[in-house]
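Here is a short briefing on how strands pair up. Keep the structure in view as you read.

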Amino acid sequence: MISYKNPIIPGFYPDPSVCRVGQDYYLVTSSFEFFPGIPLFHSRDLIHWTQIGHVLTRKSQLNLEGCQSSGGLWAPTIRVHDNRFYVSVTNFDHGGNFFVWTDDIHGEWSDPIWVKQGGIDPSLFWDVDGKVYFQSTYDMEDDQAIGQCQIDIETGEMLTETELLWKGSGGKYPEAPHMFLRNGWYYLMIAEGGTEYGHMVTIARSKSPKGPFEGCPFNPILTHRDTMLHHFQALGHGDLIDAPDGKTWMVFHGIRTTQYMLHHIGRETMIAPVEWTEDGWPVVNAGRKILPDMTVDREPFAEPLMVVQSSCNIGLYSDIREELSLEWNYLRNPDPRLYVFDKEHDRIRIHGARCGLNACDSPAFVGRRQQHFDMKSEVWVDCDPCEEGEMAGLTIYHTYEHHYDLAVTCAAGAKVVVLRKHVGDMETVEGFVTIPEKEKVHLCVTSDKKVYEFWVGTQKTDLKKVGQGRSQLLSTECMPMTFTGCYVGLFAEGNHHAWFERFRYMQTELRSSENE
Ligand code: 6LW
């Protein structure tokens with residue numbers, strides 16, 4: 001028996017794709033407007049994942065200038081062929097579809113190799129005859145389908161025109177294609193129904209990679225679209241992987257709602273077992289619902305489980321490029337001059353950028369995903385803003401239009417801590433807790449599913465509540481086309497700087513009540 005919990009990677013980690021080399025699995029997810037792009041994870045058992053890097057770490061690979069919230073990088077696919085790893089992805093704002101490669105999964109990846117095929121969600125497939133096929137969505141007049149061309153894997157050149165592969169089983173937005181060869185059948189697995197509550201995974205097969213494709217008689221093979229809201233919702237965007245014992249698994253994403261039809265911490269990576277019918281069709285989790293607590297009747301993984309360490313502090317690592325540890329992101333293409341790392345004291349200095357958090361730009365911000373409904377995050381801030389508009393602090397950031405900011409600022413000549421709530425075109429500022437000059441400020445945010453509470457203290461005072469904000473107004477469903485989730489971030493605005501030290505992020509409750 002194997003027992004595990006879904007999501008296997010909690011928080012905003014959508015559109016998972018996975019590959020395997022021997023005992024080692026590698027998984028990537030979408031990253032949209034955040035930098036570096038495409039978090040890369042490693043696992044030995046498919047259940048416990050450790051981030052080992054990002055695929056796109058240089059601006060030459062990842063131009064995010066001016067991209068809207070949820071623009072940028074969409075839906076990567078990771079594949080390995082002849083010991084070379086490939087990740088194909090869409091840069092929604094700059095250039096469209098491309099892939100990068102590396103021979104060292106722990107090293108740098110190539111610059112983009114562009115493929116002129118339109119659409120999104122590109123995927124790569126190597127046929128036994130050496131031909132390489134490139135699938136993506138395919139725009140038809142007033143409709144969408146899955147299309148494919150053959151490419152030169154060295155140059156990205158399209159060797160054939162894009163051809164229609166499959167229109168799906170009838171759901172809207174056929175997308176997320178992945179092709180697999182198994183027992184002489186070419187399988188084309190896709191997502192349909194849109195990434196919201198109608199999401200699903202469907203599959204078709206053919207004797208040729210070019211089709212015609214025949215849909216599985218019991219599509220969708222995975223969906224919770226008809227499932228009560230207290231269960232996971234919006235399951236879809238799957239990828240298949242065979243373990244060394246020949247058993248198949250599907251990774252996919254789904255959401256946990258907080259209250260009716262709302263979610264705010266993003267689409268999260270989950271996993272379920274897949275069995276094959278005698279007739280060669282995949283059955284996900286024996287047709288049962290996907291649950292937070294999964295028990296799978298399979299031999300335990302041969303490899304010992306990895307111990308996952310949750311890295312909570314700023315965790316600077318000794319890299320000459322002086323970066324944050326891997327769970328941290330910037331927004332769009334950051335100006336490195338704004339960030340000074342003091343490894344010795346585990347702290348970071350952030351200088352205000354030309355814009356603040358309300359801008360669709362690259363504000364002075366570093367953040368990590370909120371991965372749990374029940375969490376506490378805190379930091380000590382050392383700054384003395386002396387002009388109105390100068391502020392620095394802790395933010396719960398979903399998009400530039402939806403964030404709650406607990407900040408040290410200056411009001412009427414005094415150093416104060418405020419809670420600024422920015423939602424759509426509304427902004428409120430409350431709290432105004434006076435802090436003695438030169439005093440370091442302890443900022444803290446706690447949350448459950450529905451409410452964030454914001455706290456402030458100093459070396460000499462206990463924590464005092466500054467205000468609170470609902471998760472409801474930071475939810476995806478309150479926003480125009482948004483595919484991301486909330487971050488806990490550090491930020492500065494205005495022409496001053498702040499030192500941030502002793503940052504902590506911790507889950508405050510075991511994942512017991514998560515899906516009630
Ligand atoms: C992605 C598409 C989808 O490109 O949402 O859920 C889009 N699936 O496949 C953004 O993640």
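The model is predicted: local features need pLDDT of at least 70, side-chain atom pairs count only at pLDDT 80 or more, and totals for chains, interfaces and linings use all residues. Residues are numbered from 1 along each chain as its sequence is written, and side-chain values use heavy atoms, with hydrogens and water left out.

**Terms**
- Strands are DSSP runs of E, at least two residues long, numbered from the N terminus.
- Two strands pair if DSSP finds at least two bridges between them.
- Strands of a sheet pair through backbone hydrogen bonds, either parallel or antiparallel.

- Strand 7 and strand 8 (residues 84–91) run antiparallel, joined by 7 bridges.
- W74 has T90 in strand 8 as its bridge partner.

**Strands 3 and 5**
- Strand 3 (residues 24–28) and strand 5 (residues 37–43) run antiparallel, with 4 bridges.
- V28 stands opposite L40 in strand 5.

**Strand 22**
- In strand 22 (residues 268–276), 7 of 9 residues are buried, meaning under 20% relative accessible area with a 1.4 Å probe, protein chains only.
- Strand 21 (residues 248–255) pairs with strand 22 over 7 bridges, antiparallel.
- H253 stands opposite T269 in strand 22.
- Strand 22 also pairs with strand 23 (residues 282–284), antiparallel, over 3 bridges.
- E275 stands opposite V283 in strand 23.

Technical notes
Buried < 20%, exposed > 50% of the residue type's maximum accessible area, 1.4 Å probe, protein only.
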